[in-house]
Amino acid sequence: MASNKFSVIAHRDHEICNPLNKGKLQSVLDRIPFESGGKVLDIGAGKCSVLMDLIDRHDVVGTAIEIERSFIEEAQRKAGQWIIDNQLEIVNEDAKKVIDGMDELYDVSICLGATHALGNYKVTLERMSEVVKPGGYLLVGEGYWKRKPDAAYLEALGAEEGELFSHQENIQVGEDLGLVPMWASVANEDEWDDYEWLYSRSIEMYCLENPDDPDVNAMRDRIRKWRSSYLRWGRNTLGFGLYLFYNTGGK
Ligand SMILES: C[S@@+](CC[C@H](N)C(=O)[O-])C[C@H]1O[C@@H](n2cnc3c(N)ncnc32)[C@H](O)[C@@H]1O
């Protein structure tokens, strides 16, 4: 199976590929003083729905970095040509490469559920603070442990405990880098259930609709193991937080 096939199908019905309710995300975004013409960077932007919403509501100019071609094509279809020509630049590249060669500064940088694109959460905050103007904002969506994860859950995820911090530590990491925490909010159980059931329903539906696809058995097996892990451990162990930081620029 192509490496991105499962994830693209699992997210086919998600507008935001994270356990975030749009209203909650919006209420945190509302803490940022966006200005018309302000420059906003979204790293691992997915379907670019966050940037499109900000363009619509605040008339900002957005740059999206996203590696998955099919997400970009969906974003281009939704945005329409005028927005693509004037207000939304989409860079279809590895975020690490793009950030390394970046000499532009942004008013706001966003990275929701995509810190792996730059390495990890701490590295992402560091790199984002380098491309955000002093006085600008960083908004990061990141997982956290609600409690110590069971070894069996880590094995099921193929993850290590050290890959995530606690909610408090996620804020502390930013403070230790000299960023000022301005807001934080976490996904609740309803948001997680919506995200996970949409994810697993998309795979189950795809398998029913495409019985001749040679990957169907592997996909069913994978989603059923995933769902079981979510129900058994994920709901009480894995959290997702939104962290808003102000960049003092070292002052
Ligand atoms: C969990 S999704 C989140 C998408 C989006 N931020 C959202 O909230 O809807 C993670 C995204 O990061 C993208 N991504 C992963 N690695 C990347 C990389 N090295 N460079 C750019 N994008 C990457 C994936 O293709 C995916 O769209």
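**A helix and the core around it**

Mentor: Happy to! Let's begin with helix H3, whose buried residues pack against strand S1 (39-43), strand S2 (61-65), helix H4 (69-79), strand S3 (88-91) and strand S4 (106-112). Keep in mind as you look that this is a predicted model.

H3 itself covers residues 49-58, and its buried residues are Ser 49, Val 50, Leu 51, Met 52 and Leu 54. Find the end of the helix next: just after H3, Asp 59 has a positive phi of about 60°.

Now pick out Leu 51 again, and let it lead you into the core. The largest nonpolar core has 49 residues, and Leu 51 is among those with the most contacts inside it, together with Val 40, Cys 48, Ile 110, Tyr 137, Leu 138 and Leu 139. In soluble globular proteins, nonpolar side chains tend to be buried together.

Start with Leu 139: leaving out residues up to four places away in sequence, Leu 139 touches Val 28, Val 108, Ile 110, Leu 242 and Leu 244. There is also a second, separate core, made of eight residues, including Ala 10, Tyr 195, Tyr 199 and Tyr 206.

Is Tyr 137 buried or exposed? Tyr 137 counts as buried because it has 26 C-beta neighbours inside 10 Å, and the cut-off for buried is 20 or more. Setting aside neighbours within four places in sequence, Tyr 137 is in contact with Ile 32, Val 108, Val 132, Leu 244, Phe 245, Tyr 246 and Asn 247. Look at Asn 247 in particular: Tyr 137 and Asn 247 lie 110 residues apart in sequence, yet their C-alpha atoms are 5.7 Å apart in space. Compare the two contact lists and you will find Val 108 and Leu 244 in the one for Leu 139 and in the one for Tyr 137.

Finally, let's visit the ligand. There are 17 residues around the ligand, and Gly 44, Gly 46, Ala 95, Gly 113 and Ala 117 come nearest. Sorted by class, this shell holds ten nonpolar, four polar and three charged residues.

Terms used: Residues numbered from 1 in each chain as written. Predicted model: local features only at pLDDT ≥ 70, side-chain atom pairs only at ≥ 80, totals over all residues. Near = placed C-beta within 6 Å. Nonpolar A, V, L, I, M, F, W, Y, C, P; charged D, E, K, R; others polar. Buried ≥ 20, exposed ≤ 12 C-beta atoms within 10 Å, placed from the backbone. Contact = placed C-beta atoms within 7 Å. Core = buried A, V, L, I, M, F, W, Y, C linked by C-beta atoms within 7 Å. Helix = DSSP H or I, 4+ residues; strand = E, 2+ residues; numbered from the N terminus.
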